[in-house]
Amino acid sequence: MTDPGSRADAVVEEIRLPDGTVTPLRVFVTAPDRPVIVLWPGLGVPAAYFDMFAGRCGHAGVNVVVGELRGQGRSRPRPSRASRFGQQALTTEDIPAAVAVARKHCPTAPLFVAGHSMGGHIASMFAARNAIRGDSEIAGLILVASGVPYWKLYRGGQGLLATVGPPAMHRVSKTLGYWPGSVIEGYGRQSRVLIRDWTYLNRNGTFAPRDADVDYEAAMRELRLPVCAITVGADTDAPPRVMRALTAKLAGCVVDTHHVAAPLGHNRWARDARVPALVADWVGGVAADVGANRT
């Protein structure tokens, strides 16, 4: 029998961002009245990597719109010395544009925001910012292989990397004007402001992006949403304690935690059937509750 995830076909729609970046979104919609997830990837992971994840979710009755982290994958132009975007821009420009596309395809369906790794940071900030601004459109938040990469949470060799790696990347990106990317860390070419924001989180354990217009730490405490938090076996970047550091900030949320013990690591869960099954089941349950509350 053919794996349903292998049959996913995306409709590609482009969004144009205020700095001139053109970013494609991969849209997987099987029925517009079904729940829809807007998913944001982590550093160095192109949107197309999630096609099998989206296909499996679609087979289970959940639509997916996958964003492309600005400047990576098929997003153009690549980050350069001229790039000034960081987590604030991704939160206030990129995700809202993707949500607008999702709403075009699924105008009344329950809408969820999701993030992998750094995408989880952006998704959490987006949900928290919307909450304190009175936007109740989001039905839930999904975090997969994400968390707060605070250096003190890591052990052994990974602890050494978490201690020296981000500050070194920050220094290089300040000198060059951007992070050039390498085969060593696999994060790809990135804006120096984005690296700065990520390094600040790594050093301090708190969200304080450059040019922030809200206190994100306070906003996360005010957030009231159902949250699905999934960790994965052999993930040295976002082990359970790193995820817990993020969900602890969501003190007002009901958090459902799941651990997939299979040694899929930080990225390979997206090509496996277990995580999309968990996500689709959780989304279906929350969406049913949303529908019941509307009637």
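The axes of helix α2 (residues 87-105) and helix α3 (residues 118-132) approach to within 9 Å and cross at roughly 80°. The model is predicted: local features need pLDDT of at least 70, side-chain atom pairs count only at pLDDT 80 or more, and totals for chains, interfaces and linings use all residues. Residues are numbered from 1 along each chain as its sequence is written, and side-chain values use heavy atoms, with hydrogens and water left out.

**Exercise 1.** Classify the orientation of α2 and α3, and describe their contact.

*Solution.* 
1. Axes are lines fitted to C-alpha atoms, for helices over the stretch in contact, with angles from 0 to 180 degrees between N-to-C directions.
2. The crossing at roughly 80° makes α2 roughly perpendicular to α3 (65 to 115 degrees).
3. Contact (heavy atoms within 4.5 Å) involves α2 residues including Leu90, Ile95 and Val99, and α3 residues including Ile122, Phe126 and Arg129.
4. The residues of this contact comprise nine nonpolar, five polar and one charged. Nonpolar covers Ala, Val, Leu, Ile, Met, Phe, Trp, Tyr, Cys and Pro; charged covers Asp, Glu, Lys and Arg; the others, Gly among them, are polar.

**Exercise 2.** Locate the cis peptide bond from arginine 76 to proline 77.

*Solution.* 
1. Omega of this bond is near 5°.
2. Proline 77 lies in the loop between β4 (63-66) and α2; helices (H or I, at least four residues) and strands (E, at least two) are DSSP runs, numbered from the N terminus.

Technical notes:
Parallel < 35°, antiparallel > 145°, perpendicular 65-115°, else oblique.
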